Amino acid sequence: MRLLNTHRSRRRRGTANVNIHVHDLAQMFNSFDPSPFWDRDLDRKAAEFIEDEFTDKRSADHWQLHVYTHEGIASAADLQAAIERYYERLALSTRLNLREQIRFGEIALLVGVAVFSICISMRGILQSTLHALPRGLDEGLIVLAWIALWRPVEALAYGWVPLYRRRRLYQRLARVQVVVRVK
């Protein structure tokens with residue numbers, strides 16, 4: 001399979017076009033997937049190419065995928081349906097991963113707050129008991145308290161962003177307009 005983007009990033013009236021040149025339209029599909037065309041998975045290299053190319057064109061209002069082929073038994077409608085279902089499944093999977101990431105962050109935050117509270121409480125108890133808490137122990141408890149919050153805050157503040165962006169990409173790719181042209 002030869003994947004080329006011979007079409008420069010042309011944007012007319014908010015439309016981004018990506019071209020793929022294949023010898024046979026069947027090259028667009030995963031050869032190990034026995035499903036009918038409407039439910040087949042895309043070839044991983046073709047899917048990666050499509051994702052990479054359209055990632056650079058996120059600002060366009062409409063996306064079109066032009067597939068140039070010499071021969072093929074699948075129609076444009078078959079390829080359109082396969083792309084829609086493939087990216088709908090990926091969007092759903094990514095949505096579930098996003099939900100799991102947020103759930104992990106919430107649970108980790110509860111654990112982090114508990115560890116933070118224990119560390120700060122231990123520091124206060126030790127200071128009142130020993131009157132002169134060794135500096136290493138004092139600072140160690142403070143550092144441990146803040147480290148316990150680090151990962152939960154990172155997960156809730158930033159960890160969801162890549163999953164959210166990927167889900168939005170897959171949702172848009174599920175709506176890409178496919179045009180098949182036989183050379």
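The dialogue below works through how several descriptions of this predicted model are reached.

Trainee: What makes up the chain, and in which order do its elements run from the N terminus on?

Mentor: The chain has three helices and four strands, and from the N terminus on these elements run β-β-α-β-α-α-β.

Trainee: How confident is the predictor in the chain, and where is confidence lowest and where highest?

Mentor: The chain averages a pLDDT of 86, and 87% of the residues score at least 70. Confidence is lowest in strand E1, residues 11–12, at a mean of 44, and highest in helix H3, at 93.

Trainee: Why is H2 called roughly antiparallel to H3?

Mentor: Helix H2, residues 76–130, and helix H3, residues 135–173, pack at an angle of about 170°, with their axes 8 Å apart. Angles over 145 degrees count as roughly antiparallel, and H2 is therefore roughly antiparallel to H3. The residues of this contact divide into 32 nonpolar, eight polar and seven charged.

Trainee: Glu51 is a charged residue; is Glu51 buried or exposed, and how do you know that?

Mentor: Glu51, whose place is in helix H1, has a relative accessible area of 9%. Buried means under 20%, so Glu51 is buried. Not counting residues up to four places away in sequence, Glu51 touches Arg44, Tyr87, Leu90, Leu169, Tyr170 and Leu173.

Trainee: What makes Arg172 count as buried?

Mentor: Arg172 lies in helix H3, and its relative accessibility is 18%. The cut-off for buried is under 20%, and Arg172 therefore counts as buried. Leaving out residues up to four places away in sequence, Arg172 touches Arg58, Ala60, Asp61, His62 and Trp63. Arg172 and Glu84 are 88 residues apart in sequence and 9.4 Å apart in space, C-alpha to C-alpha.

Trainee: Why is Gly124 called partly exposed?

Mentor: Gly124, placed in helix H2, has a relative accessible area of 35%. Buried means under 20% and exposed means over 50%, with partly exposed in between, so Gly124 is partly exposed. Gly124 and Asp138 are 14 residues apart in sequence and 9.4 Å apart in space, C-alpha to C-alpha.

Trainee: Which residues touch the most other members of the largest nonpolar core, and which element gives the most to this core?

Mentor: Of the 29 residues in the largest nonpolar core, Met28, Ile50, Leu65, Leu79 and Tyr87 touch the most other members. Strand E2, helix H1, strand E3, H2 and H3 each supply at least two residues of this core, and H2 gives the most, with six residues. In soluble globular proteins, nonpolar side chains tend to be buried together.

Trainee: What is Leu65 in contact with, leaving aside its neighbours within four places in sequence?

Mentor: Leu65 is in contact with Val18, Ile20, Ile50, Phe54, Ile83, Val176, Gln177, Val178 and Val179. For the chain, residues 24 or more positions apart account for 77% of the contacts with a separation of 6 or more.

Terms used: Residues are numbered from 1 along each chain as its sequence is written. This is a predicted model: local features need pLDDT of at least 70, side-chain atom pairs count only at pLDDT 80 or more; totals for chains, interfaces and linings use all residues. Side-chain values use heavy atoms; hydrogens and water are left out. Axes are lines fitted to C-alpha atoms, for helices over the stretch in contact, and angles run from 0 to 180 degrees between N-to-C directions. Angles under 35 degrees count as roughly parallel, over 145 as roughly antiparallel, 65 to 115 as roughly perpendicular and the rest as oblique. Ala, Val, Leu, Ile, Met, Phe, Trp, Tyr, Cys and Pro count as nonpolar, Asp, Glu, Lys and Arg as charged, and the others, Gly among them, as polar. pLDDT is the predictor's confidence in each residue, from 0 to 100. A nonpolar core is a set of buried Ala, Val, Leu, Ile, Met, Phe, Trp, Tyr and Cys residues joined through side-chain atoms within 4.5 Å. Buried means under 20% relative accessible area, exposed over 50%, partly exposed in between (1.4 Å probe, protein chains only). Contact means heavy atoms within 4.5 Å.
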